[in-house]
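Thanks for coming. I have one model for today, and I will keep it short.

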Amino acid sequence: MPLASLLCLVIAVNDGDTLTVRCAAPDDRQPVRVRIAAIDAPEWQQAFGQQARQHLAQICFRQQATLRPVDQDSYGRTVADVRCGDTDAASAQVRAGLAWVYRPYARAHPHLPPLERQAQEQGLGLWSQKQPQAPWNYRHQHHR
């Protein structure tokens with residue numbers, strides 16, 4: 001997987017942490033599904049799942065995105081740091097209280113945990129719930 005940045009157009013927002021893009025690479029114009037690195041947004045059926053998708057769409061849909069691929073996940077998606085215009089997508093989702101920092105993969109993103117704590121303290125988004133359920137626990141319960 002290339003470590004260079006890719007310039008892409010966001011053609012769909014699948015959920016609060018996954019985008020479909022078409023990149024400028026002349027040899028491959030196929031759509032690519034991209035998972036935003038170091039965050040995990042609520043599933044569609046969970047509380048704030050739809051809001052997380054809508055917020056990401058406001059930031060990224062039909063916008064130019066710069067991707068810095070870091071991995072590929074078990075679903076075959078490219079995992080990448082994503083900037084839509086001047087906005088870091090992971091930071092925006094966490095700051096709004098619409099995604100958790102996914103700590104097993106967040107070592108290279110030390111700016112995210114303080115944003116999550118701030119969203120928690122302010123009761124933003126999913127942190128307005130008494131006991132928000134992390135998406136990895138939700139998926140485990142629902143055998144996704």
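I will go from the overall fold to one strand and its partners.

This is a predicted model, in which local features need pLDDT of at least 70, side-chain atom pairs count only at pLDDT 80 or more, and totals for chains, interfaces and linings use all residues. Residues are numbered from 1 along each chain as its sequence is written, and side-chain values use heavy atoms, with hydrogens and water left out.

The protein chain has four helices and eight strands; helices (H or I, at least four residues) and strands (E, at least two) are DSSP runs, numbered from the N terminus. The order from the N terminus is β-β-β-β-α-β-β-β-α-β-α-α. The radius of gyration of the protein chain is 15 Å, close to the 15 Å that the globule rule gives for 144 residues, so the chain is as compact as a globular protein of that length. That radius is taken over C-alpha atoms, and the rule is 2.2 Å times the number of residues to the power 0.38.

Of the 144 residues, 45% count as buried, meaning under 20% relative accessible area with a 1.4 Å probe, protein chains only.

Now to β1, residues 6-15. Which strands does β1 pair with, where pairing takes at least two DSSP bridges? One is β5 (residues 64-72), joined to β1 by four bridges and running antiparallel. Another is β2 (residues 18-23), also antiparallel, with six bridges to β1; a hairpin through two residues joins β1 to β2.

C8 shows both pairings: A65 stands opposite C8 in β5, and C23 is the bridge partner of C8 in β2.

Definitions and conventions:
Buried means under 20% relative accessible area, exposed over 50%, partly exposed in between (1.4 Å probe, protein chains only). Two strands pair if DSSP finds at least two bridges between them.
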